[in-house]
2 protein chains.
Amino acid sequence: MTSTLAKLSDTLGDIVSVSTADLEAARADKSGHVSDAAPLAVVHARSIDDVQRTMRYATETGTPVVTRGAGTGLAGGAIAGAGEIVLSTIGMNRILEISRDDELAVVQPGVINADLNTALEPSGLWFAPDPASRAISTIGGNIATNAGGLLCAKYGVTRESVLGVKVVLADGRLMEFGHRTVKGVTGLDLAGLMIGSEGTLGVIVEATVKVQALPQGIASTIGAWFASVEDAARAAAVITATGIRPAIMELLDPNAMASIADHLGLDVRPGQSFLLVQTDGHGASVGAENALAVIRSLGGDAEHTTDPAESARLFGMRRAFHPAMEARGTVLIEDVCVPRSALPAMFNAITAIAGKHGVDIATVAHAGDGNLHPNFVFQGVDVPAAVWAAADELFLTALRLGGTLTGEHGVGLLKKRWLGEELGSEQLELQRSIKGVFDPQGLLNRGKVF
Amino acid sequence: MTSTLAKLSDTLGDIVSVSTADLEAARADKSGHVSDAAPLAVVHARSIDDVQRTMRYATETGTPVVTRGAGTGLAGGAIAGAGEIVLSTIGMNRILEISRDDELAVVQPGVINADLNTALEPSGLWFAPDPASRAISTIGGNIATNAGGLLCAKYGVTRESVLGVKVVLADGRLMEFGHRTVKGVTGLDLAGLMIGSEGTLGVIVEATVKVQALPQGIASTIGAWFASVEDAARAAAVITATGIRPAIMELLDPNAMASIADHLGLDVRPGQSFLLVQTDGHGASVGAENALAVIRSLGGDAEHTTDPAESARLFGMRRAFHPAMEARGTVLIEDVCVPRSALPAMFNAITAIAGKHGVDIATVAHAGDGNLHPNFVFQGVDVPAAVWAAADELFLTALRLGGTLTGEHGVGLLKKRWLGEELGSEQLELQRSIKGVFDPQGLLNRGKVF
């Protein structure tokens with residue numbers, strides 16, 4: 001191991017770090033999972049050439065590599081362990097081009113999502129993918145996980161905002177996938193294949209992303225209270241089914257709301273669920289009026305505002321969810337997605353599963369997408385067996401309802417054991433064979449996803 | 001060959017046709033290209049099981065297979081020749097489900113695009129991908145080519161409207177790729193990989209597609225005349241760059257307009273270009289006002305209407321383009337796409353190339369996408385060498401401007417010889433290796449694309 005390290009430093013020079021802080025940081029992400037041992041070294045890449053040299057070295061020596069951005073993942077996809085090189089692209093953080101004319105930006109992978117938006121704002125533009133982590137997560141990580149977030153029902157997931165990527169393969173070769181144009185059908189869509197591939201196929205070293213004009217008009221915000229989470233879920237499903245397309249539609253279940261009320265010192269009636277709806281663009285006011293009608297017809301008690309301060313107050317409750325959870329104990333954030341019509345059934349199932357296994361689950365949902373985040377709260381650092389048993393039942397329920405194991409966080413390490421349940425063994429094998437084309441030695445994110 | 005055929009008929013029964021009409025039809029598509037010889041047989045698949053049995057037979061006997069829908073392709077992708085089985089999915093034309101609640105439809109591959117829209121209309125829904133061939137092309141073919149069309153700048157290409165696909169692999173195994181949910185990140189995006197793969201990876205036997213509420217509000221239509229095609233192209237580029245997002249923006253160059261005027265008996269001043277803009281949704285009227293301001297500031301002479309009859313008259317000119325071309329001779333329809341800011345340069349280059357090679361080119365562009373269709377007109381059935389020379393120069397110009405060889409028609413047979421220019425030999429090899437994973441014997445659409 002020491003000789004491998006010496007050779008790595010010889011090859012790459014002072015971008016190789018073995019500082020305890022760097023090595024320890026690379027053992028974890030935001031999932032709560034920590035690897036069994038520290039990795040071999042962290043390579044702080046500053047250029048495409050650094051990445052290519054690292055991958056050539058890895059291929060020559062058969063050393064596994066874990067690509068890592070800001071380490072904000074929630075599925076363990078960027079966690080590294082014994083004998084692995086961590087290839088950090090966080091230092092490749094330059095915005096190379098912003099084109100208002102072509103509504104695109106060219107960025108290095110380590111650019112923080114929010115930093116791109118700050119740079120775009122003077123041109124009246126924005127980059128739509130908005131994972132709740134936008135202040136801390138990188139565009140490279142957003143692409144690697146096909147990140148979702150709060151705005152997907154109207155503005156799409158990351159995949160819809162990527163035109164092309166430059167990728168370094170396991171053997172160090174540089175490839176350009178995709179187009180600078182908004183359309184293009186030359187050969188297989190390998191840019192699309194890279195999106196959501198969680199570091200298993202190559203290292204994203206540059207991306208050409210779609211940007212768009214900031215929404216016009218005055219946004220409308222609705223905060224609605226429901227006595228039953230099923231009714232709140234039904235209202236969310238009906239809003240979409242009647243053709244309203246909110247920019248944001250978030251649902252907090254009674255357990256989530258009680259925690260938030262505690263945390264913020266609010267007076268909320270027990271058992272209440274909260275539905276937060278924001279419409280934007282030229283149809284904002286019509287959309288809000290229609291959504292209000294749906295909400296009230298289903299028993300919701302709603303307020304409606306176009307005042308930014310009042311809107312911020314309503315959003316403040318949603319934003320307090322994660323701090324409120326963390327104040328209560330250790331949190332395992334889960335992520336399933338169901339067809340929107342199955343939202344009420346999924347919420348009911350979560351309540352039943354929590355009761356059956358005696359576990360504490362508070363759920364927030366990106367209700368416009370049918371994407372639920374059940375948060376399991378427990379004490380101590382180890383995930384109790386009952387939590388895994390409940391999670392297992394929850395995943396299988398999502399699949400039974402026509403849904404998926406993960407709407408936006410990815411598979412990484414944490415969902416690997418359930419992947420076969422969704423894909424089946426034959427598709428899993430096909431996916432492994434495709435990985436084999438890109439990375440025949442299996443060096444990239446070994447042991448993740450597949 | 002005869003024994004192969006006998007065995008095929010033994011295996012598959014009366015869905016195997018060797019009628020001259022069937023065999024001759026399968027030699028051509030709408031590209032004008034015709035294969036050298038008739039294929040072995042046409043299998044009229046009626047079910048997934050038929051497709052699986054055909055592919056198992058093909059794998060056992062090493063017989064190449066060309067999947068074919070309505071045969072409306074423009075790149076020769078569904079053309080079959082000597083020794084090949086044509087697997088027709090046009091008879092698999094049932095709409096299996098329409099869900100208003102989940103905004104999706106489940107369809108067999110042979111469903112005609114317009115038929116799906118007719119079925120959706122009573123629910124106030126539509127399927128957005130609108131290739132100009134929607135009345136005659138199938139959803140399966142739309143997916144296989146990632147079809148574009150008139151509405152892409154605002155509503156996306158086919159890729160953005162597909163959630164999942166069922167696919168029969170070369171060896172007859174049935175796979176399900178993608179999700180019924182709007183989000184989902186379990187493993188590699190193989191549904192995405194199938195979209196635009198032109199029949200080279202598998203046979204699409206079912207698709208779950210996104211549908212959406214019909215646009216609200218009253219559409220606004222603008223017809224604008226420009227004395228210079230460069231100014232018309234600039235107006236189109238500026239409309240997008242200022243954040244207006246028309247549903248449709250079509251540009252007809254002077255040669256196209258002159259042909260249309262002849263064909264329809266209209267009085268159009270020589271040298272005039274025509275820009276057709278339609279805005280829809282709640283922002284339709286604001287968008288149209290802003291577009292008008294851009295057009296007039298760039299020298300356009302514009303009329304603006306919300307009257308459906310007047311709008312139909314303006315669209316009638318665009319719709320007359322292809323009949324007008326066909327009235328003039330044999331037509332080779334080309335398809336390049338450039339960044340929108342390069343539209344003026346690309347139009348200028350086309351004019352120069354037409355002059356240099358002495359060929360007749362009339363161009364229509366989906367200007368909101370930067371997607372141009374230069375139509376080469378000539379007499380007789382064989383494409384003259386000068387036309388290929390001009391096309392060659394035109395493709396390389398599009399690439400030089402940051403564009404692509406094909407925005408929406410695909411590679412098929414006709415663009416195969418230029419694919420390496422865009423992708424490079426290493427990526428081409430990578431793409432071939434991925435095909436090898438799906439189809440190790442190279443049976444599916446042999447000799448196409450790669």
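Predicted model: local features only at pLDDT ≥ 70, side-chain atom pairs only at ≥ 80, totals over all residues.
Reader: Take Phe395(A) and Trp418(A). Which kind of pair is that?
Author: The pair is edge-to-face, because the ring planes stand at 80° and anything over 60 degrees goes in that class. The ring centres are 4.6 Å apart.

Reader: Where do Phe395(A) and Trp418(A) sit in the chain?
Author: Phe395(A) belongs to helix 14 of chain A, residues 385-400, and Trp418(A) to helix 15 of chain A. The two are 23 residues apart, so to speak a link between distant parts of the chain.

Reader: Buried or exposed, Phe395(A) and Trp418(A)?
Author: Both Phe395(A) and Trp418(A) are buried. They also form one aromatic cluster with Trp388(A).

Reader: And in chain B, what about Trp225(B) and Phe274(B)?
Author: Trp225(B) and Phe274(B) make a tilted pair, with 45° between the planes and 4.7 Å from centre to centre. Trp225(B) lies in strand 12 (residues 220-226) of chain B, and Phe274(B) in strand 14 (residues 273-279) of chain B, 49 residues apart. Trp225(B) and Phe274(B) are buried.

Reader: Changing topic. How many residues does each chain put into the contact?
Author: Chain A gives 77 residues and chain B gives 77 residues.

Reader: What area do chain A and chain B bury between them?
Author: About 6,100 Å², with 60% of it on carbon and sulfur atoms. In chain A, the residues that lose the most area to chain B are Lys183(A), Val185(A) and Leu188(A), together 14% of what that side buries.

Reader: How many salt bridges and polar contacts across the interface?
Author: There are eleven salt bridges between chain A and chain B. Polar contacts link 33 residue pairs across the interface, counting pairs with both residues at pLDDT 80 or more.

Reader: Which elements supply the chain A side?
Author: Those giving two or more residues are strand 9 (174-178), helix 7 (190-194), helix 8 (229-241) and helix 15 (416-438) of chain A. Helix 15 of chain A gives the most, with eleven residues. By class, the side of chain A that touches chain B has 28 nonpolar, 31 polar and 18 charged residues.

Reader: Back to the salt bridges. Which residue does Arg245(B) pair with?
Author: Arg245(B) pairs with Glu103(A), and the closest N and O atoms are 2.3 Å apart. Another bridge joins Arg173(A) to Glu426(B), with the closest N and O atoms 4.0 Å apart. That pair crosses between chains, from the loop between strand 8 (162-168) and strand 9 of chain A to helix 15 (residues 416-438) of chain B.

Reader: Why is Arg173(A) called partly exposed?
Author: Arg173(A) has a relative accessible area of 29%, so it falls between the 20% and 50% limits. Glu426(B) is also partly exposed, at 37%.

Reader: What about Asp360(A) and Arg328(A)?
Author: Their side chains meet in a salt bridge, 2.1 Å from N to O. Asp360(A) is in strand 18 (residues 360-366) of chain A, and Arg328(A) is in the loop between helix 12 (321-326) and strand 16 (330-333) of chain A.

Key
Residues numbered from 1 in each chain as written. Chains lettered and ligands numbered in written order. Heavy atoms only, no water. Contact = heavy atoms within 4.5 Å. Buried area = accessible area lost by both parts, 1.4 Å probe. Polar contact = N/O pair within 3.5 Å; in protein donor to acceptor, adjacent residues only side chain to side chain. Helix = DSSP H or I, 4+ residues; strand = E, 2+ residues; numbered from the N terminus. Nonpolar A, V, L, I, M, F, W, Y, C, P; charged D, E, K, R; others polar. Phe/Tyr/Trp six-rings, centres within 6.5 Å; stacked < 30°, edge-to-face > 60°. Buried < 20%, exposed > 50% of the residue type's maximum accessible area, 1.4 Å probe, protein only.
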